[in-house]
Amino acid sequence: MRIRDLRIGFGSGHEAVRGVDLSAERGETVALVGESGCGKSLTALALLGLLPPGASATGSATLDGTELVGRDERALRRIRGARAGMVFQDPMSSLNPTTPVGAQIAEVLAIHTRMSRSARRRRAVELMESVGIPDAAARARQMPHQLSGGMRQRVMISIALAGRPDLLIADEPTTALDVTVQAQVLALLRDRARDTVLLFITHDMGVVAEIADRVAVMYAGRIVETGPVRAVLDAPRHPYTAALLRSVPDPDRPVAGELPTIPGQVPAAGERIEGCPFRPRCARATDRCLTPPDLTPDETGGSVACWHPHELTEAAS
Ligand SMILES: Nc1ncnc2c1ncn2[C@@H]1O[C@H](COP(=O)(O)OP(=O)(O)O)[C@@H](O)[C@H]1O
Ligand code: SF4
Ligand SMILES: [Mg+2]
């Protein structure tokens, strides 16, 4: 997966994604992290050609060399499912409420394979077994509302995997699940994504270490820091990454009351940004930050877009 200078706008001047660069190799899991509204979902939807009406994208996003930006709906439909699968936060919104879940998986197989009807039914049950749904043959005959939230998300994952995609996008897939089920679904995704690129979208820094090889931190429509997950979590360089990490609850040190939040407001989509977008909220800002910093590679194997990043030797302060 290669994304180059991806920009997504709504009408004139209203730019929500402001030049994203991101790549990943097969077998790699990249976590795309940032506060709500920073452009994570739009970036993912552009990869699937599923942008909302009124949105237009420029730049480039390729899968195995196949360009996805600017393609017509027919070409995109072929690519979706066969090459890219997606799991959303709310499986109910993607599942048909009046069709048994096994039949819904079989429908996807009908689009992407030449299997016979009975082979599709059998394969649907196998897929349900492979994502850890117990008693899959019986479950396959049930309606979505008869399954728990965790089981529904497993059904969505088996649908996303049915076309053997090269790219699996999971957009906040565990946000609606309780903690135990969340851990099971994360383990499942990690296990099943070994042959794909897994783009895992979350606003929760806490789950990043559980799943990702690399992390890309997004702020106001741009990637501000990226790198190997341990390096970024142990020694964040961008002040925004450091602030996000401070807001993660520490299970060993329970705090009473509110979690610390980052003071100030994220710039609205389309708002004119002068210089570094984090400047109004940044304790390290200087006059130099009136010029926007570019994402620049450093010696950790990562990149950071900041004029005054935390030193590598500084603790995560
Ligand atoms: N359908 C839409 N129409 C207009 N603006 C939109 C639409 N969808 C998203 N946006 C704008 O793009 C920004 C980024 O959205 P999104 O990618 O969904 O953020 P995230 O997934 O990081 O929470 C939003 O803050 C919003 O301003
Ligand atoms: S460039 Fe300046 S304002 Fe932006 S994050 Fe770095 S120090 Fe803060
Ligand atoms: Mg989103």
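Predicted model: local features only at pLDDT ≥ 70, side-chain atom pairs only at ≥ 80, totals over all residues.
## The surroundings of ligand 1

Ligand 1 is surrounded by 12 residues, and the closest are Gly37, Gly39, Lys40, Ser41 and Leu42. Helix α1, which covers residues 40-48, gives the largest share of this shell, with three residues.

In Lys40, an N or O atom of the side chain is 2.9 Å from an oxygen atom of ligand 1. In Leu42, the atom is a backbone N or O, and the distance to a ligand oxygen is 2.9 Å. Cys38 also uses a backbone N or O atom, which lies 3.2 Å from an oxygen atom of ligand 1. On its own, ligand 1 has 560 Å² of accessible area, and the protein covers 65% of that area.

## Asp171, a buried acidic residue

Asp171 belongs to strand β7, which runs over residues 167-171. Which side chain of opposite charge is nearest to Asp171? It is that of Lys40, 6.6 Å away. Asp171 is buried and has no salt bridge.

The side chain of Asp171 does make a polar contact with the side chain of Ser41, at 2.6 Å. Apart from neighbours within four places in sequence, Asp171 is in contact with Ser41, Met86, Val87, Phe88, Gln89 and Ile201.

## Salt bridges within helices

The whole structure holds 14 salt bridges. One of them joins Glu73 and Arg77, with the closest N and O atoms 4.0 Å apart. Both residues are in helix α2 (residues 73-82), and because they are four residues apart, about one helical turn separates them. Glu73 is partly exposed, at 39% relative accessibility.

In helix α5 (residues 117-130), Glu126 and Arg123 are three residues apart, about one turn of the helix. Their side chains form a salt bridge of 3.1 Å, N to O. Glu126 is partly exposed at 41% relative accessibility, and Arg123 is partly exposed at 23%.

Asp64 and Arg26 form a salt bridge whose closest N and O atoms are 3.4 Å apart. This pair links distant parts of the chain, 38 residues apart: Asp64 is in the loop between β4 (55-63) and β5 (66-67), while Arg26 is in the loop between β2 (14-23) and β3 (29-33). Asp64 counts as exposed, because its relative accessibility is 58%.

A network of salt bridges links Arg26, Asp64, Arg83 and Asp166.

Note on methods. Residues numbered from 1 in each chain as written. Chains lettered and ligands numbered in written order. Heavy atoms only, no water. Helix = DSSP H or I, 4+ residues; strand = E, 2+ residues; numbered from the N terminus. Buried < 20%, exposed > 50% of the residue type's maximum accessible area, 1.4 Å probe, protein only. Lys, Arg positive; Asp, Glu negative; His and termini not counted. Polar contact = N/O pair within 3.5 Å; in protein donor to acceptor, adjacent residues only side chain to side chain. Contact = heavy atoms within 4.5 Å. Near = heavy atom within 4 Å. Areas by Shrake-Rupley, 256 points an atom, 1.4 Å probe, with all protein chains shown as cover.
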